[in-house]
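Visitor: Please give me a close look at a single part of this model, together with whatever it packs against. I would like the cut-offs spelled out as you go.

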Amino acid sequence: MRRLSLVIPCYNEESTLAGIVEEVLKLRSSDLGLELVIVDDCSKDSSRAVAERLAADHPEIKLCFHEKNRGKGAALKTGFLAATGDYVGIQDADMEYDPRDYTKMLRPLVDGRADVVFGSRYLKREDRIVLRWWHTAMNRFLTWWSNVLSDLDVTDMETCYKLFRREIIQKIAPCLKEERFGFEPEVVARVACLARKEGLRVSEVAIGYRPRSFKEGKKIGWRDGVRALWCIFKYNLIG
């Protein structure tokens, strides 16, 4: 039976962590086993206690803790190296993304057509939630520059939903340097490098998205966009 490991970086997500874990656990089936790697990045609320309670009830959950806050990228790196499933993906602890989309994203991997799959919020769907124009424009601007320099033609470089064969992400993880939201352009640049050198195959699948507001706990800001642009140039041109 194939196993999917989902790394859940967590920082002050006490209100949503249990809910997203409940949704992820619904992916279990006779054909798919699950491993949830929750990495608490030194939360200041009761997220750690919530995670420990969940782990006590569900043997599929593995816990990792940072003793000081280091950032989403650092939490993901910790989770990637701890994962043991055949495939390793990312699941934010909020409710912006629907875990059911992973069933679609798994198909190119299981069928042997891809080594890495990105979930795109901008591929054509029958319907989608209309997003903020500036948010979309910034994402497309960063994706365009990433494509120019990486020579990958993706539609959503900044997507949270990235799914890898475990051996691929565990090869990349030790090289990762970005500890905050610069993770996204860095990991895409490193995937592109493997695509050029080793023939790594990358696919995209349309996914849904329900953005939350800053009042609801969204943490990324305009400074992260500037950092992302810097990372696009740095990791595609320098490595």
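Guide: The place to begin is the largest nonpolar core, which has 66 residues; L4, L17, V21, F80, Y102 and L163 touch the most other members. A nonpolar core here is a set of buried Ala, Val, Leu, Ile, Met, Phe, Trp, Tyr and Cys residues joined through side-chain atoms within 4.5 Å. Buried means under 20% relative accessible area, exposed means over 50%, and partly exposed lies in between, with a 1.4 Å probe and protein chains only. In soluble globular proteins, nonpolar side chains tend to be buried together.

The model is a predicted one: local features need pLDDT of at least 70 and side-chain atom pairs count only at pLDDT 80 or more, while totals for chains, interfaces and linings use all residues. Residues are numbered from 1 along each chain as its sequence is written, and side-chain values use heavy atoms, with hydrogens and water left out.

Contact means heavy atoms within 4.5 Å.

Next comes the sheet. Its 7 strands are ordered β3-β2-β1-β4-β6-β5-β7, and the sheet is open with mixed pairing. Because β3 and β7 (202–206) stand at the edges with a single partner strand each, one side of each has no neighbour in the sheet. The twist from one strand to the next averages 20°. Strands (E, at least two residues) and helices (H or I, at least four) are DSSP runs numbered from the N terminus, and two strands pair if DSSP finds at least two bridges between them.

At the β3 end, strand β2 (residues 32–40) runs parallel to strand β3 (residues 61–65), joined by 5 bridges. The chain goes from β2 to β3 through helix α2 (residues 47–57), a right-handed β-α-β crossover. Right-handed means that, with the strands pointing away from the viewer, the path from the first strand over the helix to the second runs clockwise. In this pairing D40 stands opposite F65 of β3. The loop between β2 and α2 holds C42, whose phi is positive at about 60° although it is not a glycine. C42 counts as partly exposed because its relative accessibility is 25%.

Strand β6 (residues 162–165) pairs antiparallel with strand β4 (residues 87–90) over 3 bridges. Within that pair, G89 is opposite L163, and R165 is the bridge partner of Y87. β5 also runs antiparallel to β6 and is joined to it by 3 bridges, with V117 bridged to L163.

Helix α4 (residues 101–110) lies across β1, β2, β4, β5 (116–120), β6 and β7, at about 30° to β6. Such angles run from 0 to 180 degrees between N-to-C directions; axes are lines fitted to C-alpha atoms, for helices over the stretch in contact. D101, Y102, M105, L106, P108 and L109 are buried in α4. They lie on the same side of α4, because they cover an arc of only 155° around its axis, taken from the directions from the helix axis to the C-beta atoms. The buried residues of α4 pack against β1, β2, β4, β5, β6 and β7.

After α4 comes G112, with a positive phi near 80°. D115 sits in the loop between α4 and β5. D115 counts as buried because its relative accessible area is 12%. Leaving out residues up to four places away in sequence, D115 touches L109, L163, F164, R165, I168, G199, L200 and R201.

Another helix to include is α1 (residues 17–25), which lies across β1 (2–10), β2 and β3 and runs at about 160° to β2.

Helix α7 (residues 183–198) contains V188, which is buried because its relative accessibility is 0%. With residues up to four places away in sequence not counted, V188 touches F118, S146, L152, M157 and K162. V188 and M157 are 31 residues apart in sequence, and their C-alpha atoms are 7.0 Å apart.

In contrast to buried V188, D151 is exposed, as its relative accessible area is 67%. D151 lies in the loop between α5 (133–150) and β6 and has a positive phi near 65° without being a glycine. Most residues other than glycine have a negative phi.
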